Amino acid sequence: MPRPAPNQSSAREDDYCLKETSPNLGGGRLSRGDKLTTAFDLVEQMHYLYVRVVKAKELPGKDGSESCDPYVEVKVGNFKGFTKHIEKKSNPVWSQVFAFSKDRLQSSFIEVSVKDKNGGKDDFMGVVLFDLHDVPRRVPPDSPLAPQWYRLEDRKGSKVKGELMLAVWMGTQADESFTEAWQSDAAGVSVEALASIRSKVYVSPKLWYLRVNVIQAQDLVPSDRTRNEVYVKAALGTIVLRTRFPQTRSINPFWNEDLMFVASEPFEEPLVLSVENRVAANKEETLGKCMISLQDVERRLENRPVSAKWFNLEKMSGEQKEVKFSSRIHLRICLDGGYHVLDEATHFSTDFRPTMKHLWKPSTGVLELGIINAHDLLLKEKKGGRRNTDAYCVAKYGQKWIRTRTIIDSSSPRWNEQYTWEVFDPCTVITVGVFDNSHLHGGDKAAGSKDTIIGKVRIRLSTLETENGEIQLSVKFSCSSLLNLLNVYAQPLLPKMHYVQPLSMYQVDSLRHQATKIVSARLGRAEPPLRKEVVEYMLDVGSNMFSMRRSKANYYRIIEVISDLKMALKWFDEICLWKNPFTTVLIHILFLLLALFPELILPLVFFYLLIIGVWRYRRRPRHPPHMEVKLSLPDTVFPDELEEEFDSFPTSLQAEILKIRYDRVRSVASRIQTLMGDLATQGERLQALLSWRDPRATALCMIFCLTAGTLFLFIPFRVFAVLVVLYVLRHPRLRHRMPSVPLSFFKRLPARTDSMF
């Protein structure tokens, strides 16, 4: 597998590198080391002219009547904003806010006109004029500017009947009115599409693992007693699972099999279980059915026994009769709140907390993200032959999703929005994606178009320096207690239930598929919706599918990991060949000393690792992880490999035989790809011990090396060897199922998985 030459990708390598920027954060009020105290100090200030139209009174009626159909037009230069018109009201109430970008203002006056909607030309009722130089400036956290009554004037400046309540001020995007205001940047968007361009915060539904232990059934009444191929089918929403056939065929079958579901609050859909009997090759007979409300299901926090219950099975028939005898099914059902419901891959998960809030550990810090801007986004051809980009960002960390507003018709959008998350585990990843909104113009939505994926970036929190983690996108991670933060590195990565009662790999994959399906369906019902393609892309739903590009990248990761071993073997070979006699003599003397004093072996090893870590501290990474072109190999794929990577699963090819073979090969290859990635991840975690990629983890490793090296100066090696053997061979009663502290620490170390796409 030849690696591409460096000059093949050098032309576009700069497109994937971090670029040095100097944004005017916090309006230029911040200097290095300053504490961030306001909600928008990680982004550039964007100034807006705000006009709040509250209501009007005593408006004159039309055609001699006492009522009119008024609306308000706010005009600043070439930009016009309109309130909704209210029919037959002389004292209308609007309560609408308009925001005009200060950078695009082309006039020094503001015209606020009241008009009467007419079938033809609307009637002018009066106007209020403002000079921009006299508009006051509001700086949060000041209270909102109080609206005032203004007398309407005609076009000649004479007072007319009617008054208008307004508030006009200059502010920034930090103003609380900004989110819901009509914005001049979106002047060309239809009223129906305005809801799909606003910034919003979403929360994932609370997910539970539902464990259904099917024990046995009694007194089944099949129509054909000669065929007793009985199984239980369980359905929760659209997810249907079934048990295996029992080993002994009878009317009292025994299974004792677990079926696992993902359920979300509120529990609207019941669990439906039916006992089926296969009477023919493609024919089943329903022997009974029961429905169980999840509201009544027991919830458990840890691995304790759950009481089993008998449930009566209803016979499926058209007539309702009094039931004097019925079949029964024996079940053990519980909602497991001690697990973390995985909707992401554990390699770059944003959360590891269990479902039950009582089991959450205290937060370790606060994550602040400022989404500033983007440059040189690809233009997409849309309806009418226009080529533009209507970009918005989506960020996910934990259960909280954020969506920025959509910037209309710009390949270099400026969002300048800031968000905050509570951090419970620093060894997690925040994911930020950029998408092109395809639902702003008539016909796109009806055609079933999807939002276009532009790209994403993942940032691991543990690779950021605490209190000094401001980067572009402008990210800050601050911890409340350094001791609590370091203590997290010794804790298990996942909640206790994942180790006490572990799930199989098949269950993890199946449950993750269920969880992503529930999350995408729930967020797709919000307004504006986070669409299915956006949620699935952010959760990396197709990350385990086979890709020749990813397979090559994982292969090169393994080669790079073992390159240190290759260098050590080369160095040892040079020692044996006496290429450097002075070094060879020193090695001989060192071996003789270690042979005479074996108790110095371990102290020297730990001190050597300590020296390497201290030496590499000067060359530690100064930038956070980012999408690397050399690592991901985007420029080396062939067209057929790219077609295979983006092909659906199962494949969309026409030939049926080719489809079966193709899917089989992809399924096997995806496991090989995952194995290669896991091997590379473990090796990169070993390298992370001394690489200062995670500064706190490397610092803990340095402290451990110093302590261990000092202790082994006084503890004989023979005593240590005896203790190690006794510990390894200890009695099972002295063991526990939870992972050890070194293993938990190792699993929290960062790998280069975060930098792949």
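Trainee: How do the residues lining the second largest cavity divide into nonpolar, polar and charged?
Mentor: They split into 7 nonpolar, 4 polar and 3 charged. Here Ala, Val, Leu, Ile, Met, Phe, Trp, Tyr, Cys and Pro count as nonpolar, Asp, Glu, Lys and Arg as charged, and the others, Gly among them, as polar. Keep in mind this is a predicted model, where local features need pLDDT of at least 70, side-chain atom pairs count only at pLDDT 80 or more, and totals for chains, interfaces and linings use all residues. Residues are numbered from 1 along each chain as its sequence is written, and side-chain values use heavy atoms, leaving out hydrogens and water.
Trainee: What counts as a cavity?
Mentor: On a 1 Å grid over the protein atoms alone, it's a set of points where a 1.4 Å probe fits but cannot get out, and lining residues have an atom within 4 Å of a point. Points are joined across faces, edges and corners, and the volume is the space filled by probe spheres set on them.
Trainee: Okay, how many cavities of 30 Å³ or more are there?
Mentor: The search of the whole structure gives 3. The largest holds about 200 Å³, and among its 16 lining residues P205, H340, V341, D351 and Q399 are closest to the centre.
Trainee: And what classes make up that lining?
Mentor: The largest cavity is lined by 6 nonpolar, 5 polar and 5 charged residues.

Terms used:
On a 1 Å grid over the protein atoms alone, a cavity is a set of points where a 1.4 Å probe fits but cannot get out, and a pocket is an open set with protein on both sides within 12 Å along at least five of seven lines; lining residues have an atom within 4 Å of a point.
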